[in-house]
Amino acid sequence: MVRWSGDSGDSWSAGQVMNDGDYQRTVSVVPRFAPLPSGNDLLVVWHARRNVAGQKFVLSRRSEDFGKSWAPVQRLNSVTQSFLPSIDVGADGTVVVAYNDERNIERDIYANRSTDAGRTWLPQDVRVDRGARQESDAPAVAVGEGGRAYVAWEQRPHRTAEDKRALVQVASSPDHGQSWEEPHRVNPTDQPASPMWPAIVESKGVLTAAWTG
């Protein structure tokens, strides 16, 4: 549900259901808002599940009046096996949404991106992490200048792997999130605690990462 206020929260509009139309019979949870550079535009993304068929979606809607009205729902994952999304927006209107996904049985990180402030998206989402038989989870997104985008995530080896240590990985995209370079480890190798729930932020090419240990 979304409600809108024009008086600093003293009063609110009637509620509007976001998961209507084709997605009205989904369990929709954990919305993420992203203000867009124009000042009046707003995106919301969320995770939805259709329990009857077990389908899992990452959905988005766009508003051009900061939440008073909304464009139709857009689906960002091309295979219906995706979970909770993370989102960030660049100063040029580039939007990157990342989520973990179990289409390959073990969970991987996938992303979709828009270069026009959420109006259109890639027809196929793109895998961000590398390797097989791992568990990648909890992605965090940062969009920088010059078309650069970044996704950080926690990566846990498959239960059959000899090395059981978890990692925080980060991958960079040179083209607004359409393709992704080889990931790099973030957490130091000599820390005994397993890293979880990373966060990442970018400013003028400088990245700062944080996580729970």
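This is a predicted model: local features need pLDDT of at least 70, side-chain atom pairs count only at pLDDT 80 or more; totals for chains, interfaces and linings use all residues.
**Figure 1. Tyr23 and Phe57 make an aromatic pair.** How many aromatic pairs does the count come to? The count comes to one, and it is formed by Tyr23 and Phe57. To describe a pair of aromatic rings, you give the distance of the centres and the angle of the planes. For Tyr23 and Phe57, the centres are 5.2 Å apart and the planes are at 75° to each other, which makes the pair edge-to-face; the cut-off for that label is an angle over 60 degrees. Where do the two partners come from? Tyr23 belongs to the segment before E1, while Phe57 is part of strand E3 (residues 55-63), so the pair ties together parts that are 34 residues apart in sequence. Are these two residues buried or exposed? Tyr23 has 13% relative accessibility and counts as buried, and Phe57, at 2%, counts as buried too.

**Figure 2. Thr26 is a buried residue in the segment before E1.** Thr26 is found in the segment before E1, and with a relative accessibility of 9% it counts as buried. Its side chain is joined to that of Ser28 by a polar contact of 3.0 Å. Which residues does Thr26 touch once its neighbours within four places in sequence are left aside? They are Asn19, Ala48, Arg49, Arg50 and Phe57.

**Figure 3. Val30 has a positive phi inside a strand.** Most residues other than glycine have a negative phi. Val30 is not a glycine, yet its phi is positive, at about 55°. Have a look at where Val30 sits: it is in strand E1, which covers residues 27-35. With a relative accessible area of 31%, Val30 is partly exposed.

**Figure 4. Lys204 has a positive phi in a loop.** Lys204 is not a glycine either, and its phi is positive at about 55°. Where is Lys204 placed? You'll find Lys204 in the loop between strand E13 (196-203) and strand E14 (206-212). Is Lys204 buried or exposed? Its relative accessibility is 72%, so Lys204 counts as exposed.

**Figure 5. Stepping back, the chain is built with 14 strands and zero helices.** The secondary structure of the protein chain comes to 14 strands, with zero helices. The radius of gyration is 18 Å, close to the 17 Å that the globule rule gives for 213 residues, so the chain is as compact as a globular protein of that length. Along the principal axes, its C-alpha trace spans about 55 × 45 × 35 Å. What share of the 213 residues is buried? Buried residues make up 46%. Finally, take the contacts between residues at least 6 apart in sequence: 44% of them join residues at least 24 apart.

Definitions and conventions. Residues are numbered from 1 along each chain as its sequence is written. Side-chain values use heavy atoms; hydrogens and water are left out. Helices (H or I, at least four residues) and strands (E, at least two) are DSSP runs, numbered from the N terminus. Buried means under 20% relative accessible area, exposed over 50%, partly exposed in between (1.4 Å probe, protein chains only). A polar contact is a pair of N or O atoms within 3.5 Å; within protein, one must be able to donate a hydrogen and the other to accept it, and residues adjacent in sequence count only if both atoms are side-chain atoms. Contact means heavy atoms within 4.5 Å. Rings of Phe, Tyr and Trp (its six-membered ring) pair if their centres lie within 6.5 Å; planes under 30 degrees apart count as stacked, over 60 as edge-to-face and the rest as tilted. The radius of gyration is taken over C-alpha atoms; the globule rule is 2.2 Å times the number of residues to the power 0.38.
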